[in-house]
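Look over the sequence and the model before reading on.

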Amino acid sequence: MNYKLLALDLDGTALGGDPDLFAPGLAEAAAGAAAGGCTVVVATGRPAACLPAAMDPMPDWVGWLILCDGAEIQDARTRACLWRRAFSAASLACVEQAAARWDLPVEYIDRSSCYHLTAAARRWVEASGPSAFHKNVVARHGRLLDAPAASLAGLDVLKINMPFVPQELRPGFAAAVGDAALILDCGPGGLELTAPRAGKLAAVQVLVRTLGLGMKDVMALGDSGNDAALLQAAGLGVAMGNGQAEVLAAAHTVTGRNTEGGAADAIRRFLLNG
């Protein structure tokens, strides 16, 4: 194999049209890569408790989990945490103040996968703003935030969802947040934030050092803004055909859409020589 570590995004990449199921051929192709000695890493924006049904039980071919847009690394077998980057109280306060200026909805996601929703976020959910999948996640893991965001620092907030930020407000919001967070554009409507020095690229860099590898040994697949930096830095970055323009520009090559088995096709082509 040309690559020793395969980093797979989930939504829009390894998953197909159903947010709980792998795309056609993906599990078989990933299992083939693992059988050939490649370490398979699921690198997702989801927190630990929101992994798809297809990963319960955990597939044997998954070696590591990179969660919350690269804020945490877990061993897929033991679920032990290898590395974590959480928001400081000061960063949480900065984001809260910036969001309050424009009454933007915010969801603070802690290490236990609890979604702490601001009042604006609760109104957005109740107004049928989110997808059915997101609504279900909030119903299971959400609670109303009734204290300053900085009070969540002891719970290790790993990710902040901004589910609706109009395009015209984004420059001002980003300027107000400054270096308190890494801001990721993950598609129409919203933004996702991680702590400084987090992100999928940072997490993969930690993992390859741990495994005695280098970024040249990495093949990465993704479709969204939280994948762009990783795809650009990997030995081979593969964008999905349904990827955002930022991702298509950062990648070295493009495969088919997630609903058409594009991720499996790329694995077979570049890892299994099929």
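M219 has L236 as its bridge partner in β13. This is a predicted model.

- β12 and β13 run parallel, with 4 bridges between them. Strand β13 covers residues 236-239.
- Strand β1, residues 5-8, also joins β12 in parallel fashion, through 4 bridges.
- In β12, V218, A220 and G222 point one way. M219 and L221 point the other way. All of these residues are buried.

**The open sheet**

- An open sheet is built from 6 strands. Their order is β8-β7-β6-β9-β11-β10, and the pairing is mixed.
- Which strands stand at the edges? They are β8 (142-144) and β10 (182-185). Each has a single partner strand, so one side of each lacks a neighbour in the sheet.
- From one strand to the next, the twist averages 25°.
- β10 and β11 run antiparallel and are joined by 4 bridges. Strand β11 covers residues 191-194. I183 has L193 as its bridge partner in β11.

**Helices on the sheet**

- Helix α4, residues 119-126, packs on the sheet. It touches β6 (107-110), β7 (115-117) and β8. The direction of α4 makes about 100° with that of β7.
- Helix α5, residues 132-141, packs on the sheet as well. Its contacts are with β6, β7, β8 and β9 (157-162). The direction of α5 makes about 65° with that of β8.
- In α4, the residues A120, A121, W124 and V125 are buried. Viewed down the axis of α4, its buried residues fall within an arc of 140°, so they line one face of the helix.
- What covers the buried residues of α4? The cover includes β6, β7 and α5.

- β9 is mostly covered, with 6 of its 6 residues buried.
- β6 and β9 pair in the antiparallel sense, over 4 bridges. I109 has K159 as its bridge partner in β9.
- β9 and β11 are also antiparallel, joined by 3 bridges. M162 has L191 as its bridge partner in β11.
- I160 sits in strand β9. Is I160 buried or exposed? It is buried: its relative accessible area is 0%, and under 20% counts as buried.
- Leaving aside neighbours within four places in sequence, I160 is in contact with F87, L92, V95, V106, E107, Y108, L191, E192 and L193.
- I160 and C68 are 92 residues apart in sequence. In space, 8.9 Å separates them, C-alpha to C-alpha.

**T13 in helix α1**

- T13 lies in helix α1. With a relative accessible area of 0%, T13 is buried.
- The side chains of T13 and D223 are joined by a polar contact of 3.3 Å.
- Which residues does T13 touch, not counting those up to four places away in sequence? They are A23, L221, G222, D223, M240, N258 and A263. One of them, L221, is among the buried residues of β12.

**The aromatic pair**

- Two values describe a pair of aromatic rings: the distance of the centres and the angle of the planes.
- The structure holds 1 aromatic pair. F22 and W61 form this pair. The centres are 5.4 Å apart, with 50° between the planes, and the pair is tilted.
- The pair links distant parts of the chain, with F22 and W61 39 residues apart. F22 is in the loop between α1 (10-14) and α2 (26-35). W61 is in the loop between β2 (39-43) and β3 (64-67).
- Both F22 and W61 are buried.

Key: Residues numbered from 1 in each chain as written. Predicted model: local features only at pLDDT ≥ 70, side-chain atom pairs only at ≥ 80, totals over all residues. Heavy atoms only, no water. Phe/Tyr/Trp six-rings, centres within 6.5 Å; stacked < 30°, edge-to-face > 60°. Helix = DSSP H or I, 4+ residues; strand = E, 2+ residues; numbered from the N terminus. Buried < 20%, exposed > 50% of the residue type's maximum accessible area, 1.4 Å probe, protein only. Pairing = 2+ DSSP bridges. Axes fitted to C-alpha atoms, helices over the stretch in contact; angles between N-to-C directions. Contact = heavy atoms within 4.5 Å. Polar contact = N/O pair within 3.5 Å; in protein donor to acceptor, adjacent residues only side chain to side chain. Arc of directions from axis to C-beta.
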